[in-house]
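Please open the structure in your viewer and keep the sequence beside it.

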Amino acid sequence: MSTRIAFLKGHGTENDFVIVPDPENALDLSPAAVAALCDRRAGIGGDGVLHVVRSAAHPEAREMAAEAEWFMDYRNGDGSVAEMCGNGVRVFARYLQHAGHVAEGDLAIATRAGVRTVHLAKDGDVTVGMGRARLPEGEVTVTVGERSWPARNVNMGNPHAVAFVADLAHAGDLYTAPPVGPAAAYPDGVNVEFVVDRGPRHVAMRVHERGSGETRSCGTGACAVAVAAARRDGIDPAVTGTPATYTVDLPGGRLVITERPDGEIEMTGPAVIVAEGQIDADWLAHALG
């Protein structure tokens, strides 16, 4: 390992990430290493790590290399692997632009949930094609303290339980994962969203992200919330033939989510590169004990 490892820091609606460019997949980013980097007191700090690898160099992405040159090897803040991160894709695309790998316009990014299409707009916003939502059947319940709510099971390549509440404070502190039942609905854990209405097709949310705790924003969560809100409101673009757009306010900012009649979901929002520097490999080795 070299004595220093390049990194950047970025965020999308304050969902923040440590970005580690590693085109040839030469670094061994163990779960412990990721957790050390994301530690907000003893490390760089972030909700997760965006490991930037060429698809052809990563065993999980080689089959997507013909469609997408770059693979987002995303890790949660606790070091666990995640299928998808919507805000992460926007920041990943912004990094590729920052590094000169891509220009404004359209590009494709490989993720564990499949290839995602991205548009880098001139005004700075980034739009991501988030794929289609799956709505598994079966009742789901979210509980915080003495309160329980029915929730909508929405899968955006990763699992979500969306509960509509009267007050976002009812979500509690979200330091730990709210109990969701039945456990069989989410064998690998779940992201939990609490949602209130702000106006016509306008909602606000808080989220507990699986493996990261409460975060300032969650892109796949915002998409899940928009789909759940549309179905609650009796709106299904596949039936009406008209796109449905919802504005979703998160603690870290605002995302605009559109579900098209073909089921494809687009998410638009900002993505910012904050800083870049070098990780000291000796520190990392020491942090890993």
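**Stop 1: the end of a helix**

Select H98, which belongs to helix 2, residues 86-98. The model on the screen is a predicted one. Is H98 buried, partly exposed or exposed? Its relative accessibility is 41%, so H98 counts as partly exposed. Along the chain, H98 and I273 are 175 residues apart, yet 8.0 Å separates their C-alpha atoms. Beyond neighbours within four places in sequence, H98 is in contact with L8, I273 and E276.

**Stop 2: the nonpolar cores**

Proceed to I109 and I257. In the largest nonpolar core, which has 52 residues, these two touch the most other members. Helix 3 gives the most to this core, namely nine residues. In soluble globular proteins, nonpolar side chains tend to be buried together.

Return to I109 and display its surroundings. Residues up to four places away in sequence are not counted here; the residues that I109 touches include A68, W70, M72, V89 and F92. Further along the chain, I109 also touches G114, V115, R116 and V118.

**Stop 3: a helix and its cover**

Select helix 1, residues 31-38. Which residues of helix 1 are buried? They are A33, V34, A36, L37 and C38. An α-helix has 3.6 residues a turn, so residues three or four places apart point the same way. Next, show what lies over the buried residues of helix 1: the cover includes strand 2, strand 3 (48-54), strand 4 (70-76), strand 18 (272-280) and helix 5 (281-287).

**Stop 4: cysteines without a disulfide**

How many disulfides does a search of the whole structure find? The search finds zero. For C38, the closest cysteine sulfur is that of C85, and the 11 Å between the two sulfurs is too far for a bond. A disulfide would require the two sulfur atoms to be within 2.5 Å. C38 has a relative accessible area of 6% and is therefore buried; C218, with 2%, is likewise buried.

**Stop 5: a buried serine**

Move to S217, in the loop between strand 14 (213-214) and helix 3 (219-232). Because its relative accessibility is 0%, S217 counts as buried. Display the side chain of N87 as well: a polar contact of 2.9 Å joins it to the side chain of S217. Apart from neighbours within four places in sequence, the contacts of S217 include G12, T13, N15, E209, L250 and L255, together with N87.

**Stop 6: enclosed and open spaces**

Rolling a probe the size of a water molecule over the atoms shows where empty space is left. There are three cavities of 30 Å³ or more, and the largest cavity holds about 60 Å³ of space. To locate the largest cavity, select residues of its lining, including Y74, N76, C85, N158, E209, R210 and C218.

Then turn to the largest pocket, whose volume is about 190 Å³. Which of its 16 lining residues are the closest to its centre? Select T117, V128, G129, E264 and E266 to see them. Strand 5 (105-111), strand 6 (114-120), strand 7 (126-132) and strand 17 (264-269) each supply at least two residues of the lining of this pocket.

**Stop 7: backbone geometry in loops**

Most residues other than glycine have a negative phi, and most peptide bonds are trans. With this in mind, select N25, in the loop between strand 2 (15-21) and helix 1. N25 is not a glycine, but its phi is positive, at about 60°. At 25% relative accessibility, N25 counts as partly exposed.

Next select L174, in the loop between strand 10 (159-164) and strand 11. L174 also has a positive phi of about 60° without being a glycine. Its relative accessible area is 1%, so L174 is buried.

Finish at P182, in the loop between strand 11 (180-181) and strand 12 (191-199). The peptide bond that joins G181 and P182 is cis, with omega at about 0°.

Methods
Residues are numbered from 1 along each chain as its sequence is written. This is a predicted model: local features need pLDDT of at least 70, side-chain atom pairs count only at pLDDT 80 or more; totals for chains, interfaces and linings use all residues. Side-chain values use heavy atoms; hydrogens and water are left out. Helices (H or I, at least four residues) and strands (E, at least two) are DSSP runs, numbered from the N terminus. Buried means under 20% relative accessible area, exposed over 50%, partly exposed in between (1.4 Å probe, protein chains only). A polar contact is a pair of N or O atoms within 3.5 Å; within protein, one must be able to donate a hydrogen and the other to accept it, and residues adjacent in sequence count only if both atoms are side-chain atoms. Contact means heavy atoms within 4.5 Å. A nonpolar core is a set of buried Ala, Val, Leu, Ile, Met, Phe, Trp, Tyr and Cys residues joined through side-chain atoms within 4.5 Å. On a 1 Å grid over the protein atoms alone, a cavity is a set of points where a 1.4 Å probe fits but cannot get out, and a pocket is an open set with protein on both sides within 12 Å along at least five of seven lines; lining residues have an atom within 4 Å of a point. Grid points are joined across faces, edges and corners, and a volume is the space filled by probe spheres set on the points.
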